[in-house]
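Colleague: I would like to learn how to read a model of this kind feature by feature. Could you take my questions one at a time, giving the idea and then the case at hand?

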Amino acid sequence: MTDLLFVCTANICRSAYAEVRTAMLAPALSVGSAGVQGWVDKAMDAPMAAELTARGGDPSAFRSRRLTIPMLRGARLVLTAEARHRSVILDDLPATHARAFTLGQFAALVREAPDGVRGDGLVAWAASLRRPVDARLDIPDPYRRGPEAAARAAALIDEHLAVVLPLLT
């Protein structure tokens, strides 16, 4: 079972970065990533790899994957880059509704969490709120948009991870 599965479009920018960054920041968590239209066995996109390297990470071992139903079934928490990724997941496997959120949505919910709520209890609490996804919390896709877009995406992911990871570990 994977504790945390990150999902984006192709699994070479946002979810790839989030996976490797989470492995750096929270090594106790088992983490993976995939893309809803994922390429198979591709390296991390160069601008995102540069952002990861600048933060002390090593993108060289990363290889992209396409999202599968078994991956979703095996994840305790699924965090997507955009609301549309979550919609694809819910179309494919509606049973994930209680553990699939956008990363931005989940970070916003975690900021409101009652004291002492952590781990699986945090996921259950967030699911119980049944709030709609707000696309304004999406992480914009930096693919082919240059180093500035990659830097913005990496900073936003890091901001959300700083909120989420302490309460998941």
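Colleague: In which loop is the place of R130?

Modeller: This is a predicted model, and in it R130 lies in the loop between helix 6 and helix 7. Its side of the story is a backbone one: most residues other than glycine have a negative phi. For R130, however, phi is near 50°, a positive value in a residue other than glycine.

Colleague: Is R130 buried or exposed?

Modeller: R130 is exposed, its relative accessible area being 61%. D41 sits in the loop between strand 2 (31-35) and helix 2, and with a relative accessible area of 52% D41 is exposed.

Colleague: Which elements make up the protein chain, and in what order do they run from the N terminus?

Modeller: The order is β-α-β-α-α-β-α-β-α-α-α, which amounts to 7 helices and 4 strands. The radius of gyration of the protein chain is 15 Å, close to the 15 Å that the globule rule gives for 169 residues, so the chain is as compact as a globular protein of that length. Its C-alpha trace spans about 40 × 30 × 30 Å along the principal axes, and 52% of the 169 residues count as buried. As for contacts between residues at least 6 apart in sequence, 71% of them join residues at least 24 apart.

Colleague: At what angle do helix 1 and helix 2 pack?

Modeller: To read a helix pair, take the angle, then the handedness of the crossing, and then the residues that meet. Helix 1 (residues 14-25) packs with helix 2 (residues 46-54) at an angle of about 15°, the axes being 10 Å apart. Since angles under 35 degrees count as roughly parallel, helix 1 is roughly parallel to helix 2, and helix 1 passes helix 2 in a right-handed crossing. Y17, V20, R21 and M24 on the helix 1 side meet M48, E51 and L52 on the helix 2 side, a contact with 5 nonpolar, no polar and 2 charged residues.

Colleague: Which residues of helix 2 meet helix 7?

Modeller: P47, M48 and E51 in helix 2 meet G146, P147, A150, A151, A153 and A154 in helix 7; by class, the residues of this contact divide into 7 nonpolar, 1 polar and 1 charged. Helix 2 and helix 7 (residues 146-168) pack at an angle of about 50°, with axes 9 Å apart, and are therefore oblique to each other. The crossing of helix 2 past helix 7 is right-handed.

Colleague: Leaving aside its neighbours within four places in sequence, which residues is D158 in contact with?

Modeller: D158 is found in helix 7, and with those neighbours left aside D158 is in contact with Y17, R21 and R55. Y17 and D158 are 141 residues apart along the chain, yet their C-alpha atoms are separated by 9.5 Å. Buried means under 20% relative accessible area, and D158, at 16%, is buried.

Colleague: How many residues of helix 5 are buried?

Modeller: In helix 5 (residues 103-112), 7 of the 10 residues are buried, so that the helix is mostly covered. The buried residues are L103, G104, Q105, F106, A107, L109 and V110, and the elements they pack against include strand 1 (2-8), strand 3 (75-80), helix 4 (83-92) and helix 7.

Note on methods. Residues numbered from 1 in each chain as written. Predicted model: local features only at pLDDT ≥ 70, side-chain atom pairs only at ≥ 80, totals over all residues. Heavy atoms only, no water. Axes fitted to C-alpha atoms, helices over the stretch in contact; angles between N-to-C directions. Helix = DSSP H or I, 4+ residues; strand = E, 2+ residues; numbered from the N terminus. Parallel < 35°, antiparallel > 145°, perpendicular 65-115°, else oblique. Left-handed = near helix turned anticlockwise from the far one by under 90°. Contact = heavy atoms within 4.5 Å. Nonpolar A, V, L, I, M, F, W, Y, C, P; charged D, E, K, R; others polar. Rg over C-alpha atoms; globule rule 2.2 N^0.38 Å. Buried < 20%, exposed > 50% of the residue type's maximum accessible area, 1.4 Å probe, protein only.
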